[in-house]
Amino acid sequence: MHVPFLDLKAAYEELREPINAATLRVLESGWYITGKELESFEAEFGAYVQAGHAMGVGNGLDALILSLRAFEIGPGDEVILPSNTFIATWLAVSYVGATPVPVEPIDGFWNIDPNRIERAITARTRAIIPVHLYGQPCELASVIEIARRHQLRVIEDAAQAQGAAYRGRRIGAHSDAVCWSFYPGKNLGALGDGGAVTTDDASVAERIRLLRNYGSRVKYQHEVQGQNSRLDELQAAILREKLKHLDAWNERRRAVASTYLDGLKGIPSLKVPSVHKDASPVWHLFVVSHPQRDRMQAFLQERGISTLVHYPVPPHRSGAYAGMKLSDQQFPITASSSDELLSLPIGPHLSQAQVTHVIEAVKAYCNA
Ligand SMILES: *Cc1c(COP(=O)(O)O)cnc(C)c1O
């Protein structure tokens, strides 16, 4: 049996008619950038994530860059972020000229450890970017409380958390700005690149609208040095259709996750993900941990099961950050997790038989 890591073709096929209709609607409208589809998507997505304002932008990295720029964070400033995130979180901070200050996660929970944040704050710290990694909200209340006490901004990286909730409220406007990616593989994915920023703060929204569109409100009048980062009409129209199915598709991910949690419990060598009491995760990834991860991955591949590692090279070890001279000793949890974590297939188009096949194969490996 073949179990792909994520089946994007099946996602398209399920929504073939509405996606094709939305695409044709845009093609025939003669209007392709900043039009009615974007306006409607922003209203619908903002309502979905319980935020007062939503701004569609070019991609998730830009959402982070624009948010940092909106708060005028730049050279000389420090920004606290997770050591174990996708590199985009770090790159946004570097792009605006500020310095990323990595902080380790809670072991087994994988989100930033609030206790370590406090120790990383200096006179130069301006913001914290927590990441809701793997689709599980981080300990937002603690992060926000620390930030308020030190007068820091909180910018959430919610690229993996579309639909997730924290203490009963959707991720979307708990903090100053929330950044989204609609990369095709995310829980809400476009058929190309896309992103958004959501917030309850009207002045932040206004600033991001300006910055994403060449610093211009009125054509050819440029108030500030903005950039070009707009969610195009085609992607906005497609995302509007996919948004209607997000809850149902997240529900299917939850069902897969609970079958995994049930089927894989009590195996001594295998650690399964733990869920925080305040968090309602959307299972962007289902990440287990095993001391012989590489051998387990090869064993599963031989049985037709594709898995991935998130992330095999943590940012501090990457060439992009060699200049910071950060060592594995400084980030022991991140370093060991990059050797031991394995993401099992998960998505809205996995059959019960496929999930069972994965569970049987993992058990066969661990019990051998
Ligand atoms: C996907 C992702 C991003 C970047 O999004 P893009 O749309 O690819 O630019 C940022 N942060 C995290 C945690 C991500 O998973």
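**Group meeting: a walk around the model**

Let's start at glutamine 136, which sits in the loop between strand E4 (125-128) and helix H7 (140-149). Before I go on, keep in mind that this is a predicted model.

So, is glutamine 136 buried or exposed? With a relative accessible area of 8%, glutamine 136 is buried, because the cut-off for buried is under 20%. And what does its side chain reach? The side chain of glutamine 136 gets to the backbone nitrogen of histidine 276, at 2.7 Å. If you set aside its neighbours within four places in sequence, glutamine 136 is in contact with Phe109, Asn111, Ser274, Val275, His276, Ala279 and Pro281. Note that histidine 276 turns up in that contact list as well as in the 2.7 Å pairing.

Okay, on to the ligand. Which residues are closest to the ligand? There are 13 residues around it, and the closest are Gly60, Asp157, Gln160, Ser181 and Lys186. Let me go through some polar pairs. Glycine 60 places a polar backbone atom 2.8 Å from an oxygen atom of the ligand. Leucine 61 also uses a polar backbone atom, at 2.9 Å from a ligand oxygen. Glutamine 160 uses its side chain instead, with a polar atom 2.8 Å from an oxygen atom of the ligand. As for cover, the ligand on its own has 380 Å² of accessible area, and the protein covers 91% of that.

Now for the charged pairs. How many salt bridges does the model have? The count comes to 26 salt bridges.

One of them joins glutamate 14 and arginine 252, with the closest N and O atoms 2.8 Å apart. This pair links distant parts of the chain, with glutamate 14 in helix H1 (residues 8-14) and arginine 252 in helix H10 (residues 246-263), 238 residues apart. Glutamate 14 is partly exposed at a relative accessible area of 36%, and arginine 252 is partly exposed too, at 31%.

Next, arginine 240 and glutamate 37, whose side chains meet in a salt bridge at 3.0 Å, N to O. Arginine 240 is in helix H9 (residues 233-243) and glutamate 37 is in helix H3, so the pair ties together parts that are 203 residues apart in sequence. Here, both arginine 240 and glutamate 37 are buried. These two also belong to a network of salt bridges that links Arg25, Glu37, Glu44 and Arg240.

One more pair: glutamate 223 and arginine 217 meet at 2.5 Å, N to O. Glutamate 223 counts as partly exposed at 45% relative accessibility, and arginine 217 does so at 48%.

Let's look at helix H12, residues 332-340. Its buried residues include Ile333, Thr334, Ala335, Ser337 and Ser338. What covers them? The cover includes helix H6 (114-120), helix H11 (293-302) and strand E14 (341-344).

Last stop, the surface. Leu24, Leu27, Tyr32 and Ile33 form a nonpolar patch there, with about 370 Å² of accessible area together. Where is isoleucine 33? You'll find isoleucine 33 in the loop between helix H2 (16-29) and helix H3 (36-48). At 38% relative accessibility, isoleucine 33 counts as partly exposed.

Technical notes:
Residues are numbered from 1 along each chain as its sequence is written. This is a predicted model: local features need pLDDT of at least 70, side-chain atom pairs count only at pLDDT 80 or more; totals for chains, interfaces and linings use all residues. Side-chain values use heavy atoms; hydrogens and water are left out. Patches are made of residues with over 30% relative accessible area and no salt bridge: like charges are joined within 9 Å, nonpolar side chains (Val, Leu, Ile, Met, Phe, Trp, Tyr) within 5 Å. Accessible areas come from the Shrake-Rupley method with a 1.4 Å probe; for residues, only the protein chains shown count as cover. A salt bridge is a side-chain nitrogen of Lys or Arg within 4 Å of a carboxyl oxygen of Asp or Glu. Helices (H or I, at least four residues) and strands (E, at least two) are DSSP runs, numbered from the N terminus. Buried means under 20% relative accessible area, exposed over 50%, partly exposed in between (1.4 Å probe, protein chains only). A residue is near a molecule or strand if one of its heavy atoms lies within 4 Å of it. A polar contact is a pair of N or O atoms within 3.5 Å; within protein, one must be able to donate a hydrogen and the other to accept it, and residues adjacent in sequence count only if both atoms are side-chain atoms. Contact means heavy atoms within 4.5 Å.
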